[in-house]
Amino acid sequence: NTYNNKRWAAVWCFLRAFTDQPKEIVLWKKWIEQDGQDFVTKSLYILLEETAIATKEWYAPLRSCLRVATKLTLAQDESERLVNRLNEVLGSFKLGTEVMGAAVLALQQHAFQEDESNDDNSHIDKIRNNLFEKCEKEISKAMETLGLGATMDRDNFIFQEKCLVRAVYLCGELTMIGFSTASNENNEFLLSNHNPRLLRYLQALLSRTLPSSHSEDGADERMTPDSVQAHAFVTWGKLCLRSEALAQESLNLFARELHYSSREKEN
């Protein structure tokens with residue numbers, strides 16, 4: 001119930017603040033070395049169950065739990081198990097955008113731990129490319145369905161819009177894996193080298209109308225939902241952070257959108 005959800009949220013908020021302290025602090029170090037790891041991982045798997053991720057009331061404790069899990073140094077088998085579970089949940093698009101960033105951060109941290117043992121980044125790269133492929137398929141399916149226009153019922157429209165927003169948001173989070181504000185070295189990431197079709201889909205969502213193969217004269221055009229377009233611009237901005245060339249190419253695009261938005265506000 002709501003009361004228990006709030007209690008869980010409060011407990012995990014405290015634990016998140018607790019684990020944000022330096023590991024040199026005796027209590028934090030003692031807790032992690034004894035019962036902390038087992039408690040955090042078991043709780044995380046419970047919170048990642050279908051019933052929890054389908055209910056927004058659980059997002060606050062789940063987000064904090066994921067942040068705590070990010071601070072842990074797990075044994076290799078436990079780290080691999082956690083990475084696989086997070087990969088599975090993210091690829092299902094059942095996780096809300098409210099917690100998706102924390103999930104990607106935890107996935108990145110523990111996948112990097114595995115890569116460090118192999119002295120390369122092959123594992124995290126493979127996971128990211130796999131999730132990009134799932135995003136591509138989800139976006140393609142949702143765009144086609146939403147582009148049907150008046151032939152679609154409202155409940156299906158809302159569901160497809162939610163899935164599309166989550167897939168677009170996940171693309172942005174995946175793009176930022178490995179990005180560092182401290183150094184420009186190895187910061188370049190070109191989605192066009194990994195999934196050029198996905199890049200074209202994201203660019204299409206920047207438009208105010210959805211592409212449709214069912215209308216030749218534009219009479220049945222469907223407007224791109226505001227939430228989808230907004231997330232598409234945020235994700236495109238993250239792509240620009242990883243590619244100076246794309247950022248230069250996108251200046252006119254951003255300027256045009258700002259001009260259009262300003263005119264709308266005036267009217």
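Guide: A salt bridge is a side-chain nitrogen of Lys or Arg within 4 Å of a carboxyl oxygen of Asp or Glu. Please keep in mind that this is a predicted model. In it, the side chains of aspartate 38 and lysine 42 meet in a salt bridge, with 3.3 Å from N to O.

Visitor: How far apart in helix 2 are aspartate 38 and lysine 42?

Guide: They are four residues apart in helix 2 (residues 26–47), so about one helical turn separates them. Aspartate 38 counts as partly exposed because its relative accessibility is 41%.

Visitor: How many salt bridges does a search of the whole structure find?

Guide: The search finds nine salt bridges. One of them joins lysine 141 and glutamate 138, at 3.8 Å from N to O. These residues are three apart in helix 7 (residues 122–146), which again means a separation of about one helical turn. Lysine 141 is partly exposed at 45% relative accessibility, whereas glutamate 138 is buried at 12%.

Visitor: Which residue forms a salt bridge with lysine 238?

Guide: Lysine 238 pairs with glutamate 173, and their closest N and O atoms are 2.7 Å apart.

Visitor: What is the nearest side chain of opposite charge to arginine 166?

Guide: The general idea comes first. Side chains of opposite charge can pair when their charged atoms come close. For arginine 166, the nearest such side chain is glutamate 98, 5.8 Å away. Since the cut-off is 4 Å, arginine 166 has no salt bridge, although it is buried. Arginine 166 is placed in helix 8 (residues 154–175). Leaving aside neighbours within four places in sequence, its contacts include Tyr59, Phe93 and Met100.

Visitor: Tyr59 brings us to another helix. Is helix 4 largely enclosed or open?

Guide: One counts the residues that are buried, meaning under 20% relative accessible area. In helix 4, nine of the 12 residues are buried, so the helix is largely enclosed by the rest of the structure. Among them are Tyr59, Pro61, Leu62 and Cys65. Helix 4 covers residues 59–70 and reaches 16 Å from its first C-alpha to its last, close to the 16 Å expected.

Visitor: How many aromatic pairs does the structure hold?

Guide: The structure holds three aromatic pairs. In reading such a pair, one considers the distance between ring centres and the angle between planes; planes under 30 degrees apart count as stacked. The rings of phenylalanine 132 and phenylalanine 189 have centres 6.0 Å apart and planes at 20°, so this pair is stacked. Phenylalanine 132 lies in helix 7 and phenylalanine 189 in the loop between helix 8 and helix 9, 57 residues apart. Both are buried: phenylalanine 132 at 1% relative accessibility and phenylalanine 189 at 5%. Phenylalanine 233 and phenylalanine 254 form a tilted pair, at 6.0 Å centre to centre and 50° between the planes. The former lies in helix 11 and the latter in helix 13 (residues 251–266), so the pair ties together parts 21 residues apart in sequence.

Visitor: Finally, what does the secondary structure of the chain come to?

Guide: It comes to 13 helices and zero strands. Of the 267 residues of the chain, 43% count as buried.

Conventions: Residues numbered from 1 in each chain as written. Predicted model: local features only at pLDDT ≥ 70, side-chain atom pairs only at ≥ 80, totals over all residues. Heavy atoms only, no water. Helix = DSSP H or I, 4+ residues; strand = E, 2+ residues; numbered from the N terminus. Expected span 1.5 Å × (residues − 1). Buried < 20%, exposed > 50% of the residue type's maximum accessible area, 1.4 Å probe, protein only. Lys, Arg positive; Asp, Glu negative; His and termini not counted. Contact = heavy atoms within 4.5 Å. Phe/Tyr/Trp six-rings, centres within 6.5 Å; stacked < 30°, edge-to-face > 60°.
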